[in-house]
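Trainee: Hi! I have a model open and would like to walk through it with you.
Mentor: Happy to, so let's look together.

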Amino acid sequence: MATLIAKRLGLMLFTMVIVSLILFLLLDTNLAGDPAARVLGQFASADQKSLWLAQHGYNDPLMTRYFHWVSGFVQGDLGESNRYRAPVADILGPRLWNTAILGFWTFAIMIPLSLLFGILSGMCEGSKLDRTLSVISIVTTSVPEFASSVFFAAIFVFGLKWLPGTSGMAEGFDWVQMVLPVMVLVVYGFGYVARMTRASMAEVMTAQYIRTAILKGLPYKTVILRHALRNALIAPFTVIMLQINWLLSGVIVVEFFFAYKGFGALLLEASLNNDVALLEACAMVAVVVAVTTQTLADIGYTYLNPRIRFS
Amino acid sequence: MATATQTTITADSYGSAFMRGLKSFALLRESWVGMIGAAIILFWILVALLAPWLAPFEPNASIQPFARPGTVSAAGATFWLGTDHLGRDILSRIMWGTRTVLFYAPLATLVAYTVGILMGLAAGYRGGWIDDVLSRISDIILSFPVLVLYIIIIGVIGASGINIIIAITFASSPGIMRIVRGLVLDLRNRDYVAAAQTRGESDWRIMLVEILPNARGPLIVDACLRLGYVIITIGVLGFLGLGLPPPDPDWGGMVNETRHMAIAFPYMVLAPSFAISSLILGFNLLADGLREIAIRD
């Protein structure tokens with residue numbers, strides 16, 4: 001177990017280093033276009049560009065600049081955003097917090113809901129509930145987040161006029177404005193997690209030890225709660241952890257649509273405005289979050305599944 | 001005797017590849033879910049092919065801004081779905097937009113598959129350091145949240161049709177490679193592969209002629225699902241303003257251009273959203289039907 005954790009952590013670190021190198025090469029060097037032109041616009045004169053490059057230390061050797069950037073990143077100095085004219089860390093902090101709130105509510109609603117439906121329909125394969133769930137999950141995973149945002153907005157904002165159409169939170173936190181973004185994310189993720197839970201539950205229900213437990217006369221409730229669930233929930237655990245990676249994509253669309261001031265909208269803004277330092281920081285944060293949750297999912301899976309742990 | 005039978009079987013199966021393709025398509029009749037999916041896709045393909053004749057207006061022509069659905073134009077034709085803020089007929093734009101999405105999505109999927117399959121074959125069959133390097137690279141690419149990856153790639157290389165194909169290939173070939181690699185690892189120990197090796201066939205011939213055709217089942221199902229994802233991706237990129245440059249119609253872009261007016265003119269964003277959702281639903285249903293058939297056989 002200890003070697004596995006050490007191995008996974010090593011791999012995580014390796015991935016992050018490679019990703020940081022790629023991001024740096026792509027965004028901060030002239031490998032893919034002149035960074036000065038990206039910031040100053042394509043009509044800047046050659047003098048302006050070389051002056052800007054010199055001012056921002058672009059004439060130093062590549063590796064020096066990379067190490068400077070990475071060491072700054074590790075210490076929390078993320079550079080200066082050239083659009084907001086402020087340190088990136090100051091902008092990123094509150095935005096990340098807002099997205100964390102959004103993500104928290106999405107998971108707090110999606111996980112119990114999809115586990116419940118997945119387990120119930122996995123318990124009796126082919127039942128009415130099971131078929132309903134499979135139809136619902138195909139439909140919800142077919143509707144892209146921006147389209148479901150449009151549909152929900154059409155129903156609850158334009159039609160019923162129950163909810164506000166934007167979630168800018170201009171006057172402080174307002175839970176009414178959270179409803180639509182959370183709803184869109186829950187609906188998109190629900191189908192997938194429920195389907196995975198269902199598949200896992202259905203597989204466990206056909207196992208020999210479940211039949212034995214039923215045949216030896218244990219109450220059905222005990223069979224489900226003590227025997228089936230413990231094994232059926234191992235796979236959904238990984239799926240849920242990996243959903244965080246998906247959520248990082250989903251929040252970009254949803255925050256953009258509802259003008260929610262979160263991390264995803266910031267990343268997109270940074271890209272559209274060629275705000276290199278901000279984009280690098282956002283991308284790095286996204287990858288760190290994604291890789292960390294993947295590592296945790298792997299370690300957790302091994303911990304939960306004794307067949308892997310002891311082999 | 002045995003040799004003779006074997007030759008006839010081979011000749012037969014190669015000769016009727018087209019017929020076998022038709023036959024497996026006819027199998028789809030057994031799954032009504034798959035049939036519905038196929039019907040939806042067929043509908044949109046017809047719309048795309050017949051767009052020049054079906055569309056009542058020029059897709060980029062500015063005729064009459066903010067016309068409600070059903071308004072009759074000065075020339076006498078009806079704006080069935082209304083017009084957008086620039087006075088372009090939404091129905092015509094959706095019809096022409098079908099061409100955009102049904103051109104770029106399959107093309108991007110095809111390119112991604114070609115790259116992914118070659119990578120997967122090489123990694124699975126050759127193994128060794130090639131496998132290590134390719135697997136490590138795909139681990140790194142797959143560790144990115146997908147949309148973040150697209151935003152960075154498009155941000156660096158710019159938004160255009162070819163660049164969207166490049167970005168999709170870059171982001172999805174690692175996933176395809178993993179699937180192919182897994183299938184190859186299972187198939188490469190089969191007797192017919194050993195026989196081909198004994199005959200002295202080259203590695204690439206074995207990979208492409210002996211192994212790949214036998215891995216097609218799961219790959220076809222995955223391709224269907226992936227095509228759905230690629231349509232989502234193209235739509236989302238358009239929606240985020242990173243898609244195909246205007247003015248040519250693109251469903252995601254149509255939502256992006258008019259979403260600020262959605263509160264007063266919801267029909268402008270509703271129509272393209274319905275269009276894209278139904279097309280993706282078609283591919284997902286088809287994939288589900290195919291999987292059902294594959295499991296049964």
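Trainee: Which residues does Gln294(A) touch, not counting those up to four places away in sequence?
Mentor: Gln294(A) touches residues of two chains: Leu242(A) and Asn245(A), plus Leu142(B) and Ser143(B). Contact here means heavy atoms within 4.5 Å.

Trainee: Before I get carried away, what kind of model is this?
Mentor: It is a predicted model, in which local features need pLDDT of at least 70, side-chain atom pairs count only at pLDDT 80 or more, and totals for chains, interfaces and linings use all residues. As for bookkeeping, residues are numbered from 1 along each chain as its sequence is written, chains are lettered from A and ligands numbered from 1 in the order in which they are written, and side-chain values use heavy atoms, leaving out hydrogens and water.

Trainee: Back to Gln294(A): buried or exposed?
Mentor: Buried, with a relative accessible area of 18%. The cut-offs are under 20% for buried, over 50% for exposed and partly exposed in between, using a 1.4 Å probe and protein chains only. Gln294(A) is found in helix H13 of chain A, residues 276-304. Helices (H or I, at least four residues) and strands (E, at least two) are DSSP runs, numbered from the N terminus.

Trainee: New topic, then. How many helices and strands does chain B have?
Mentor: Chain B has 12 helices and two strands. The C-alpha atoms fill a box of roughly 80 × 45 × 25 Å along the principal axes.

Trainee: And how much of chain B is buried?
Mentor: Of its 297 residues, 51% are buried. Also, among contacts in chain B with a separation of 6 or more, 70% are between residues 24 or more positions apart.

Trainee: Where are the mean positions of its charges?
Mentor: There are 20 positive and 20 negative charges in chain B, and their mean positions are 1 Å apart. Lys and Arg count as positive and Asp and Glu as negative, while His and the chain ends are not counted. Each charge is placed at NZ of Lys, CZ of Arg, CG of Asp or CD of Glu.

Trainee: Which residues touch the most other members in the largest nonpolar core?
Mentor: In that core of 139 residues, they are Trp44(B), Leu240(B) and Trp251(B). The largest share, 14 residues, comes from helix H12 of chain B, residues 267-296. A nonpolar core is a set of buried Ala, Val, Leu, Ile, Met, Phe, Trp, Tyr and Cys residues joined through side-chain atoms within 4.5 Å. Another core, of 18 residues, lies apart from it and includes Val180(B) and Met207(B).

Trainee: What is Leu240(B) in contact with, beyond its neighbours within four places in sequence?
Mentor: Its partners include Ile252(A), Phe256(A) and Leu272(A), as well as Leu147(B), Ile151(B) and Asn256(B). Asn256(B) is one of the buried residues of H11(B).

Trainee: Why is helix H11 of chain B described as largely enclosed?
Mentor: Seven of the eight residues of that helix, residues 251-258, are buried, so the rest of the structure largely encloses it.

Trainee: How many aromatic pairs turn up over all chains?
Mentor: The search finds 19. One of them is Trp69(A) with Phe73(A), tilted, at 6.2 Å centre to centre and 50° between the planes. Rings of Phe, Tyr and Trp (its six-membered ring) pair if their centres lie within 6.5 Å, and planes under 30 degrees apart count as stacked, over 60 as edge-to-face and the rest as tilted. Both Trp69(A) and Phe73(A) are buried. They are four residues apart in helix H4 of chain A, so about one helical turn separates them.

Trainee: What about Lys161(A), what is its phi?
Mentor: Near 55°, a positive value in a residue other than glycine. Most residues other than glycine have a negative phi. Lys161(A) lies in the loop between helix H7 and helix H8 of chain A, and it is exposed, with a relative accessible area of 62%.

Trainee: Last one: where does Trp80(B) lie?
Mentor: Trp80(B) is in the loop between strand S2 and helix H4 of chain B. It is exposed, at 56% relative accessible area. Leaving aside neighbours within four places in sequence, Trp80(B) contacts Pro69(B), Gly70(B), Asp89(B) and Leu91(B).
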